[in-house]
Amino acid sequence: MMTWTFYLNVTNDTDRDLELVESQLHWGYWNTDGEEDKKPQSIKAGETIQAVGAKSAFGPNGYEFSCSWKDKNNTTQAPYGVVSLYVNVPYNDPNEARCLANGYFEVAEWKDIPHDGHNFVRNIRISNKMDKLKQKETRNNLFTDWSKIKTLNEIEDVREIDLNQSIPSGVHFEKMPLFRTPLFNISKKLWDGVNDLEFDSLYLKQREAQQYFSVEVNCLRGDASKIETVTKKGKITVIDEYGLSTASKVVEEKVCTIETAFKFTEKVSVSDEKVVKASVAQELQAELKAKFNILNAVTKEQHQTEKKSKTRVFEAPSDKDIDVVPWIFSKMILLYRTDNHNITTLIGASEWDYAVLHRTHVYDVMDNAKKKVPTGGAY
């Protein structure tokens, strides 16, 4: 009679070695790599090996065994989980085999064995679900990708900036990031006030996150929809405005608004647990309001914003027409998480327009939006 065999090849796609923690042989012989009595093997991180093999003894007895692996972790690391294998290929009854994973482990490419047959080779790939979550493409755009945001000029107090100096000499209508504030690092005691849809419990945040931080980014765009053309010798009166607070806009479709991301609470519930959570959320809100001088719209408070306006008159020269272009300044408040793998992900974002300043440009702006044209007009 020909010997019956089973072999399992394992690819360890995690960042930790997988240690063999249990193996039991009920019938047959260990036969890893075709070597009789060679027991199941541990699997190093990133390695593909034949982790276990078994064969029947001569005669009608088949083979039956089980084994399991866990990740090798030190005392400061939480375990990922356990992967277990059970195989039974008896002489008469139907075959049985299962490969299971718990915790953060995920097993790919496993195929059950049929009820009949005697010789099998199976291949599996073991990964950490959290890695997949972290490596998922975030598609952050130019204005929210942290690797780009962190390169912007850092301005300690954006309210001291002369916005007139930020308007470019040429006209174009794409939004431009101008500068950012220093990072506002959210202290661990306030993490429960952060609504992280992926790490959705305080336990997961404390286990998987290194840091939550927020930053304000100031941007500028020309408003093509509100350009006014003034013909030769004509005049136009416009109003420059500071301290606008338009409705919050969502910057990224894939993330929460800041309102949602920071768990803004209107009323405190009576249950003790919810009172504690609400007070954490309210403390975080108070810190953010102090830091970014915003969030009146977010918290639906009816405070009067510092609204200032200035009426200006532009007059076209006698020999040419001019365009008067409104330049809109906006601020984005962005919330990021940096996880234990040093991957920084945007998890909340909103944008407010806060100023409109007008400039005159030589006529033909609309036809030559990408062409540099000089700006004019007194501040």
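Valine 107 stands opposite isoleucine 126 in β9, where β8 and strand β9 (residues 120-128) pair in the antiparallel sense over 4 bridges; strands are DSSP runs of E with at least two residues, numbered from the N terminus, and two of them pair if DSSP finds at least two bridges between them. This is a predicted model, in which local features need pLDDT of at least 70 and side-chain atom pairs count only at pLDDT 80 or more, while totals for chains, interfaces and linings use all residues. Residues are numbered from 1 along each chain as its sequence is written, and side-chain values use heavy atoms, with hydrogens and water left out.

**Sheet**
- An open sheet of 5 strands runs in the order β3-β4-β1-β9-β8, with mixed pairing.
- β3 (29-30) and β8 (105-108) stand at the edges with a single partner strand each, so one side of each is left without a neighbour in the sheet.

**Salt bridges**
- The whole structure holds 16 salt bridges, each defined as a side-chain nitrogen of Lys or Arg within 4 Å of a carboxyl oxygen of Asp or Glu.
- Glutamate 36 forms a salt bridge with lysine 55, their closest N and O atoms being 2.6 Å apart.
- Because glutamate 36 lies in the loop between β3 and β4 (48-55) and lysine 55 in strand β4, the pair ties together parts that are 19 residues apart in sequence.
- Lysine 55 is buried at 15% relative accessible area, whereas glutamate 36 is partly exposed at 43% (buried means under 20%, exposed over 50%, partly exposed in between, with a 1.4 Å probe and protein chains only).
- Asp13, Glu109 and Arg125 are linked in a network of salt bridges.
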